Every structure is written in C-alpha cells, then in structure tokens.
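Here are my notes for your first look at this one. Keep the viewer open and follow along point by point.

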2 protein chains.
Amino acid sequence: MAVELDLTYASELLDERDFAGIERETAGAARLLDGRRGAGSGFLGWLVLPRTMREALPAIREAAERLSASQAVLVVGIGGSYLGARAALEYLKSPFYNALKKTAPDLYFIGNNLSASYHEEILSLCEGKELSAIVISKSGTTTEPAAAFRAVRSLFRERYGAKASERIVAVTDERRGALRELCDAEGYRRFAVPDDVGGRYSVLSAVGLLPLAAAGVDIEALLDGAGDAFSRYASLPFSENPCHRYAAARNLLYRKGRVVEVFASYEPCFVQTAEWLKQLFGESEGKDRKGIFPASASFTADLHSLGQFLQDGSRNLFETVVDIRGGKSRFSVAGDASDGDGLGYLAGKPYEEINRSALEAVAAAHAEGGTPTLLLSTGGRTEYEYGMLLAFFERACAVSGYLLGVNPFNQPGVEGYKRNLFALLGKPGYEDERERLLKRK
Amino acid sequence: MAVELDLTYASELLDERDFAGIERETAGAARLLDGRRGAGSGFLGWLVLPRTMREALPAIREAAERLSASQAVLVVGIGGSYLGARAALEYLKSPFYNALKKTAPDLYFIGNNLSASYHEEILSLCEGKELSAIVISKSGTTTEPAAAFRAVRSLFRERYGAKASERIVAVTDERRGALRELCDAEGYRRFAVPDDVGGRYSVLSAVGLLPLAAAGVDIEALLDGAGDAFSRYASLPFSENPCHRYAAARNLLYRKGRVVEVFASYEPCFVQTAEWLKQLFGESEGKDRKGIFPASASFTADLHSLGQFLQDGSRNLFETVVDIRGGKSRFSVAGDASDGDGLGYLAGKPYEEINRSALEAVAAAHAEGGTPTLLLSTGGRTEYEYGMLLAFFERACAVSGYLLGVNPFNQPGVEGYKRNLFALLGKPGYEDERERLLKRK
C-alpha cells in the first residue's frame, strides 16, 4: 500500500480553501523539481536512484555477502552516511537488531561522534568477534569518520595483517578525495557516492544499500518501492496527491505560526527514521533564518513526557504521525482472574489494535487541544513499503523546500561547522579562522 | 565539582542588565518554592528525598541484591517511572549497558509503549535467562505498564510457578491502588512512591533507586550529590547561583522569542538524560498554552543533521549544552604514516580533547549565527556528580515554572490522554467520553 495522508485531525487549522490557495504554488514547486530548474538542481540524482542503482546491485550483494561472513560489521559514517542505513535497519529488522538471534552479522555504527567512551565500548564489543568494515565518506576527511576509520585500520592491521584490506569496503567519491586514494593504495573494494546526490538523500545509493544488504535487507525491493512511489507522486493531480498535499499542509501550518514539527509514530522501530527525517527536513529547510524546527517523539512512551506539552502547552507546533499498518502480530493482553488492575476489558485484545486506538484517541485529543496532526499511513514493515515511505518524504521535502523559497539541496551551515572544527583543532591552513574563534573566549 | 553555568555563548542575547531585571522575580519564584507557598506546593517531597530516602536504603539494597541474582531484570514502567532510571543507567554505566560484559544483570524496560513487536522482542531476549522483575506504577492501572505486567505475571507463573512472586518487587502507592492490593494478594515485596512527589521528580525515590541499585549503581552517592546540590542552590546569592541564573536565562530567552530549547551534550551517554529533561521541563511548563518546547540533540552526530538548522535556520531557539568533564580516557586518534586523510595533525590527540574543542567551536559558530548556548558543566560520570546534576535541573525547573507563572507540579494534559485512551478502548465507565471522541471521525 502507498503512503496516504489523513487530515481529519488538522481540520481546525486547515481546510480545502487553504489547499486551493496554495495549489498553484505547490504545482510550481513540483515543476521546479521535475523540470530541474530550481535552486540546487545539480543534486537531483536521488530521484533516479531506483533506476540507476540497478546495475550495481549484483556487485553490492556480492560485497555484502563477503562482509556477512564476519560476525560484526563496523559501519563508519556520520550524518547522511549513517542515519539512512540505521533508520532502515531498525525499521525493517529491529531496534534490538544486534541483541536478537539472527543469521546476519551485528552492525556497529562508529565515527558518528567524538566520544571516547562510545568508541571504546564498541571496540570492546568487537573482542572475540570476526570483523569486517564499511567506511562511508565522500571526501574521506570529515573528522569523525576519518578518525574512527584510523582506529579500524589500526585494529584490522593488528588482527589480520596483510589480509586486513580484504575485510574493508569503501563507499566514496568515484574520482577524487582522500578515501578514494586510500582505496587505490590499500586495494579496498569500493562503491561510489553519486556526485549528484547529497548526503541526506543518499540512503538509496550504495551509502545505504551496502550496509543494509550486509544485514540481510532486500535492497531490490527497497528500490522497487521507492521507484513506484516517485512515479506515483510525480503524476497524481494535486487533489489526490498525498505527497504534495503533505508538503503544502506543512507550509500552510508554518505560515500560521506552527514553527515546530514533531515526527512521531507508535512503534519504536520508527525512532531512527524520525532521526533521518530530522536531517532530511532540518538540513533542507533550516536556512536563511527560516524553516520548521524538526523534533521527534516515540509514542505512547512520550505521551507520558511530552504529552502534557502537546496537549496544553504553546500552540506553535504540529505533529506528523506515521501510522504503520499491516502488522500481523497476535501479541495480546493476558487474562487475569482477579482483574485488580481493571484491564479485564482488554484481555485477549491484540496490542496492535490497542495501539491504533491510542493513536486515534491522542490525535483527537491533541486536535481538540489545538495541536493538529498530519496523519500518514503506510503499509507493513516490508522493504517495498519502506522504500515508498522514504521516497514519499524525500519528494515531499524537496517540494516543501521550494515552497518555502530555499534551496533544499545545500547545507552551508554544516560546512561552517566542519571548517570551525578544523580551525579550533589547529588544522594547518585554518589559522585565521582559529584566531577569530578564540577571540570570543 | 558542582554544576556551573557559562553564558559566554549567549552574550549576544543576554547581558547583566537582563539578569538584573529578572533578579527580583527569580528570588520571588525561589521563595515560593522554598516557602512552600506556590501552586502545587503539596508536591515538594522531591526536595527532601536525599534525606528521607536514607532510611529505606538498606531495604532497597537488599531487594536489589536479590534481583541481581537473576540474569535479567524486567523493569515495568512508563514516563517518570521509566525515564529517570534509564537516564541514570546510561549515564553512569553505558548506553550499551546490556551488551557489555558486567557482573550485574541486564535491565529490560517494558510497559513503556503499546508496541507488539517491542514486547515480543524483549520477551525473546529473555529466553534462557533467569528473570526477575520490578513493576513501578503509583496506581497500577495505567494501560501500558498494567498490560505489560500482566505479561510478566503470566510468564513468571509459567516458569516459576508458586515461586513467581518472590521474583517480583513493586514500587507503588503506600496505601491504595490496584498494584498495592496486588502486593498484598500475591505477597510481592514493595516500596513506596511518595505521595508528595510527582512522577517526573521521582528518580531519587525508590522509583529510580531500586532499578539503579539492581544495576550496581551507588545510590547513596547519588543521594549525597543531590542533597549537597539542593542545599547549595537554595542558599547561593543570585549573582553566584548557576541554578537560578539558568532558570532566569531560559525565561529571558523565552520572552525574547526563543520558543524551543535543545538539550544537548557531546556524549551519547547523555541521550536518555535529555529525554528525562524533556519530560521534566515539558510537563512542568507546557500548559496554559505556554512553555518552551523541549527538544534534544546528541552532538557531534546531530551537527551533521540538525547543525544546518541550528546555524542558519529560524532564530527561535536556544541550546542548553551539558559539558561532561572529568573524563580520563586516553583513547586517541591513531597515527597513520600516509596521512592521506589529512588528520595527521590530530594523531595521538585524545578524543576527549578533540570533543571539547568541537563543543567550543560549535557554541561559538552557533552564537555567531544567532543561536545562543547556555553552557552547563558538570564533573565526571560519578554517582555523586550525577546526583548534583539531577538536583540542579529539578530545582531549576521548579523555579523556572514559577517564573513562567504556571503550576510546575501538575499535568492535567497527561490525565486527559489516559482518560481518552480508556474511552476509545471501551473501558466501562467512559461511555460518554467515547461517544464524543468517535464523533470526530
């Protein structure tokens, strides 16, 4: 099933007149995208990944199979070279993926922060396990993954000597850069980060597909779903197009003072997808002193923490709730003769049913309290349907960014961070920047 | 070391005149708190937990020791009966606590959502392990933990028969409620949720202390730190009081249009403490259509996702960054003869040093970009210092809530959610509510 949008719980703030008023603008934004005439149109390769990646699939699968022969795969990457794979892994497999029994190897994500204890603990988890590694970095010089990859190389040299390079696969720039050169020098197998795909849009390139294939994900089905969704949402008329209507709805809400979007779901497997969404939307729209701040929540857990705020606090936010349908679990509330907890009326009822009731109860209550919910529904936790979901959000984000009047495909502020960090750490060539920063203290 | 506040990176928006202007108000808020004359003053038991919990420590330790004899402890709870223990566990032990080698048992948190797959997966992790359980619920009728506790009882009856009750410890109301009655009927060992302590302020009661003691945390040191911090921040004059100045600063920023606070740190062990903070502040202040929306980030990871927004996006937010000092790890960037990645200038440098440089670089860059940082520093990851940190935030939140003009100790919106859920699920006695909710669809 394709992603659908239900505006029932946003009707206090959005009606068809609002949509009629923004229809032409939205169509214009979509034309900028599909006609490749908008800002950042050199970075639209993600729209065709479901087609262009086909050719590479056998090689990716073959590399993944060799990686899978080890007990744990270290996945080195940060930002877009980390979040997409992790999001899909937890959604399609489990947030407890590493702890659960399985035939595929553990996946340990490293190089995604600068914490000593984090890296020491991951390395201690590696003790006694056969290892391999995937290193993902377009340039090869971003501090976090580059430093972590040094640790991996050093560990692998120690453990595997001359055979170390056979256990490492790189995903990097096709032609240039530090990691690309290292591939030649060390003989790593490698895959390309396409030139025309930004990090946050790269999950359906080798950046995401290689680690996912190593974990046993059906990457072809993922591409199939994304491809079908891209076609679908590019062709449906506005009134029936949930993707464009979602983009329009969030812009309408923003214009009405809703400056925070809370991405939420009722399944913990969605938590990391929400993190991926925060990068996708935050980095695409958070510029020129504009943008909806992307937050996230995991329900029902966070109804017992953020619920009070969502119900009664500042009325400057809205929720985007993803309803994951198609679950087939029969896990139910157990019976209890005494019924002391008063839960007898639920005995035998499947959790999935109760959970969906919670979703409806909450959306209704929040709407009454003045916080609208944009309700998206998606099918089960299959690769095909997750591919559709990813494509839905990618396209919605691009259209939304154009509606907002920004370039959805650059990230000047992130470059600024990388530069500042180089400067403060004393990297040669950044002396002036360093002096400017230190003056502040 | 006590918690300190550094306003260097907020100086564009806050200066001493601002603080002078709000000093009297802040002192008034603190007097409301300490004089027990403010709204919700029946719920100030948390201020004296470091003293009142002493007596219970031997019994808590003894119960924890018996729980620790099993290989995994199921901890059933949601909201304040979940977040505090999990936050402290990850901060003081590790986010990878369960996966790491240790002498204490695994801790599995359940009853904190309504996801079938979540609970099925946790139960599959329990296979082949000796189990015990802690159930934490004031009433015993909250849907999520009550349903999960039914699953635990059913599993334990199956596995341990008549001995099941010996493996269960309850933390619940001292005198009444469904769980309290179950304790009598089944003979569970039990500890009290104090009447005058709300869920989000309960981490230093048996609610947090029992599971933490089972994981080998020094709960007495935690209380010591909190007690010293409460005394300290109640007595320091405003100009030297980081706790009151933090409360004042966030209110000043809110009045200047900063409607989102991003709680962040550079250590992944802080991620769950940020979740605890989101409940603490969100539930205390998010009412009467007011309040700063509490969000969180984990740096440096999220600089590669939210960094763009924080640097260049809407200027309606501020960051509260907790700098965790006192780390003693020597984990360093590895050397590499070729230096292809250009990281040679960092070779041999400890991660902790690099991480702190990142903190400074980022705070400076964000301040320049127009996003201020309130920088809090705390000592190492010891129980005593974490106790201080918790107490710092608890007191700051109470003072801040009074400054905002709300009752920081109620949560009418959460009660609303519980009621709505009962109604939509068809609980007897909620028929009218149910009809009202269904009309909407």
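The points below go from the pair of chains to the sheets, a helix pair and a few backbone details.

1. Ground rules first. This is a predicted model, in which local features need pLDDT of at least 70 and side-chain atom pairs count only at pLDDT 80 or more, while totals for chains, interfaces and linings use all residues; side-chain values use heavy atoms, with hydrogens and water left out. Residues are numbered from 1 along each chain as its sequence is written, and chains are lettered from A and ligands numbered from 1 in the order in which they are written.

2. Start with the two chains.

3. Now a sheet in chain B. It is open and parallel, with five strands in the order E3-E2-E4-E5-E6. Helices (H or I, at least four residues) and strands (E, at least two) are DSSP runs numbered from the N terminus, and two strands pair if DSSP finds at least two bridges between them. At the edges of chain B's sheet, E3 (106–110) and E6 (189–193) each pair on one side only. Neighbouring strands are turned by 20° against each other on average, direction ignored.

4. Further in, E2 (residues 72–76) and E4 (residues 131–136) of chain B are joined in the parallel sense by five bridges. One pair to click on is B:Leu74 with its bridge partner B:Ala133. Helix H5 (residues 116–125) of chain B packs on this sheet, touching E2 and E3, and its direction makes about 160° with that of E3(B). Axes here are lines fitted to C-alpha atoms, for helices over the stretch in contact, and angles run from 0 to 180 degrees between N-to-C directions.

5. Chain A has an open sheet worth a look too: five strands in the order E1-E10-E9-E7-E8, with mixed pairing. E1 (4–6) and E8 of chain A are the edges and have a single partner strand each, so one side of each lacks a neighbour in the sheet. From one strand to the next, the twist averages 25°. Within it, E9 (residues 317–324) and E10 (residues 373–378) of chain A pair in the parallel sense over six bridges, and A:Val321 stands opposite A:Leu375.

6. How do H4(A) and H11(A) cross? The axes of H4 (residues 83–92) and H11 (residues 271–285) of chain A come within 7 Å and cross at roughly 150°, which makes the two helices roughly antiparallel (the label for angles over 145 degrees). Among the residues that meet are A:Leu83 and A:Tyr91 from H4(A), and A:Trp276 and A:Gln279 from H11(A).

7. The peptide bond from A:Phe299 to A:Thr300 is cis, with omega near 0°, and A:Thr300 sits in the loop between E8 (293–298) and H12 (307–312) of chain A. In chain B, a cis bond joins B:Phe299 and B:Thr300. Also check A:Arg36, not a glycine but with a positive phi of about 55°, in the loop between H1 (16–34) and H2 (49–52) of chain A.

Note on methods: Contact means heavy atoms within 4.5 Å. Angles under 35 degrees count as roughly parallel, over 145 as roughly antiparallel, 65 to 115 as roughly perpendicular and the rest as oblique.
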